[in-house]
Amino acid sequence: MINVIKSQPAPLCLELEKSKPNGSYDCNDVRKRLQADFFNKCYICEDLGPTSLDIEHFIAHQGNQDLKFDWTNLFFACSHCNNTKSNRFNDILDCIDFAQIITKCIQFEINPFPRERVRITALIDSVSINNTIKLLNEVFNGNTIRQTMEAENLRTKLIVEIFKFTQLLNEYYQAGWPPTEKERQRKEIARLLSQESAFTAFKVWIIKRNPDLMAEFGDLLPDFEKL
């Protein structure tokens with residue numbers, strides 16, 4: 001989970017649909033706008049290009065028309081995360097609110113080895129942060145039988161991505177690379193650290209946990225880390 005900027009203004013169709021007896025918030029370009037705003041990633045787990053795509057209400061609307069059609073309350077999520085969150089997690093960190101930078105409030109860790117589990121740690125004690133950690137633990141490690149099976153599949157994708165990233169970091173530090181190759185490697189590291197990449201929060205924390213990596217690649221961290 002990372003901070004993102006929500007595009008404005010809201011799609012015009014939302015107000016029109018809100019006025020209808022059975023209006024739909026999934027209207028016109030709402031889904032495409034959300035896909036672009038969230039870089040085609042689930043806003044909770046950061047799976048890139050998930051095969052199941054939901055429009056998720058950040059605060060469960062439960063029949064409230066204002067919440068149901070509020071553009072700032074509509075997020076891009078995979079079905080696994082949407083079903084896991086359901087209406088049980090309303091008080092969590094809001095990724096479009098830059099008053100709290102998520103990767104400065106929560107530490108994300110996983111080792112790039114088979115059968116590893118995700119470790120999510122609070123850096124600040126608050127209700128919303130603790131609720132976010134509880135949600136992320138259910139998303140990545142599971143709770144029910146179904147969640148656990150889906151979480152295992154998600155972690156496999158996460159581990160593959162983290163292995164690719166750490167392998168690139170290891171290659172960068174091998175001796176003998178010409179300057180042109182070192183520059184190419186830095187550009188690829190920057191790409192994998194970008195908001196557009198899968199599981200950005202985990203890769204950001206690989207850099208942040210290591211002082212030498214921070215000295216070398218701190219300037220490549222996403223802009224929200226520099227706020």
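## A paired pair of strands

Leu53 stands opposite Cys78 in strand β2. The strands and helices named in this report are DSSP runs numbered from the N terminus, with helices being H or I runs of at least four residues and strands being E runs of at least two. Strand β2 covers residues 74-78 and runs antiparallel to strand β1, to which five bridges join it. Two strands are taken as paired if DSSP finds at least two bridges between them.

Strand β1 spans residues 53-57, and four of its five residues are buried. A residue counts as buried under 20% relative accessible area, as exposed over 50%, and as partly exposed in between, with a 1.4 Å probe and protein chains only.

## Basis of the model

This is a predicted model, in which local features need pLDDT of at least 70 and side-chain atom pairs count only at pLDDT 80 or more, while totals for chains, interfaces and linings use all residues. Residues are numbered from 1 along each chain as its sequence is written, and side-chain values use heavy atoms, with hydrogens and water left out.

## An enclosed helix

Helix α9, residues 200-208, is largely enclosed by the rest of the structure, because eight of its nine residues are buried. The buried residues of α9 are Thr200, Ala201, Phe202, Lys203, Val204, Trp205, Ile206 and Ile207. Lys203 also belongs to a network of salt bridges that links it with Glu161 and Lys164.

## Salt bridges

A salt bridge is defined here as a side-chain nitrogen of Lys or Arg within 4 Å of a carboxyl oxygen of Asp or Glu. The count by this rule is 18 salt bridges. In general, side chains of opposite charge can pair when their charged atoms come close. One of the bridges joins Lys41 to Glu46, with the closest N and O atoms 2.6 Å apart. Lys41 and Glu46 are both buried.

A further salt bridge brings together the side chains of Asp47 and Lys157, at 2.8 Å from N to O. This pair links distant parts of the chain, 110 residues apart: Asp47 is in the loop between α2 (30-37) and β1, whereas Lys157 is in helix α7 (residues 145-172). Asp47 counts as buried because its relative accessibility is 8%, while Lys157, at 39%, counts as partly exposed. Within helix α8 (residues 179-193), Glu188 and Arg191 lie three residues apart, about one turn of the helix. Their side chains meet in a salt bridge of 2.7 Å, N to O. Glu188 is partly exposed, with a relative accessible area of 24%, and Arg191 is partly exposed as well, with 44%.

## Packing of helices α6 and α7

Helix α6 (residues 127-141) packs against α7 at an angle of about 85°, and their axes are 6 Å apart. This makes α6 roughly perpendicular to α7. The axes are lines fitted to C-alpha atoms, for helices over the stretch in contact, and the angles run from 0 to 180 degrees between N-to-C directions. Angles of 65 to 115 degrees count as roughly perpendicular, those under 35 as roughly parallel, those over 145 as roughly antiparallel, and the rest as oblique.

On the α6 side, Glu138, Val139, Phe140 and Asn141 meet Gln147, Thr148, Ala151, Leu154, Arg155 and Leu158 of α7. Contact means heavy atoms within 4.5 Å. The residues of this contact divide into five nonpolar, three polar and two charged. In this division Ala, Val, Leu, Ile, Met, Phe, Trp, Tyr, Cys and Pro are nonpolar, Asp, Glu, Lys and Arg are charged, and the others, Gly among them, are polar.

Asn130 also has its place in helix α6. At 35% relative accessibility, Asn130 counts as partly exposed. Apart from neighbours within four places in sequence, Asn130 is in contact with Ala122 and Asp125. The C-alpha atoms of Asn130 and Cys105 are 10.0 Å apart in space, and the two residues are 25 residues apart in sequence.

## Backbone features

The peptide bond from Gln8 to Pro9 is cis, with omega near 0°. Pro9 is found in the segment before α1 (13-18).

Asn28, which is not a glycine, has a positive phi, near 40°. Asn28 lies in the loop between α1 and α2 and is exposed, with a relative accessible area of 73%. Phe39 likewise has a positive phi, of about 60°, although it is not a glycine. Phe39 is located in the loop between α2 and β1 and, at 22% relative accessibility, counts as partly exposed.
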